[in-house]
Amino acid sequence: MAAPDKAAGAFRTIGELSQETSIPQHILRYWETRFPQLRPLQRAGRRRYYRPEDVALVRRIQHLLDNEGYTIRGVQKLLASETPAKAVRTDRDALKTIRADLASALDADG
């Protein structure tokens, strides 16, 4: 569940995501090394911010590993077979986020 003070579409820190999913933070960081599709935004100090689509992916990975009996390698293969269409959408979303950040930075300067 989402934190009561955050909107459903808000970014989550690794601590918040860990608490919501009961997945330890070190496991989330490990999954980032094993699943190239899982790429949270990293800001100053390498602080991670998980987008709603990252949260959904973490929940899916957790479900596949814990409930469906997949191995890490099995989940990697499954996600890799689905990646092409999702990669374009994810890249577009990332670019929109960057554009919005730049626009707000320019507005703050001007």
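In what order do the strands of the open sheet stand?

**View 1. The open sheet has 3 strands in the order S1-S3-S2, with antiparallel pairing.** The model is predicted: local features need pLDDT of at least 70, side-chain atom pairs count only at pLDDT 80 or more, and totals for chains, interfaces and linings use all residues. Residues are numbered from 1 along each chain as its sequence is written, and side-chain values use heavy atoms, with hydrogens and water left out. S1 and S2 (41-42) are the edge strands with a single partner each, so one side of each has no neighbour in the sheet. S2 and S3 pair in the antiparallel sense over 2 bridges (pairing requires at least two DSSP bridges between two strands). Gln42 has Arg48 of S3 as its bridge partner. Strands (E, at least two residues) and helices (H or I, at least four) are DSSP runs, numbered from the N terminus.

**View 2. Helix H1 (residues 14-21) has the buried residues Ile14, Leu17, Ser18, Glu20 and Thr21.** Seen down the H1 axis, these residues fall within an arc of 165° (directions from the axis to the C-beta atoms), so they line one face of the helix. Buried means under 20% relative accessible area (1.4 Å probe, protein chains only). Just after H1, Ser22 takes a positive phi of about 60°.

**View 3. Leu28 touches Ile14, Leu17, Ser18, Ile23, Leu38, Tyr50 and Val58, not counting residues up to four places away in sequence.** Contact means heavy atoms within 4.5 Å.

Definitions and conventions
Buried < 20%, exposed > 50% of the residue type's maximum accessible area, 1.4 Å probe, protein only.
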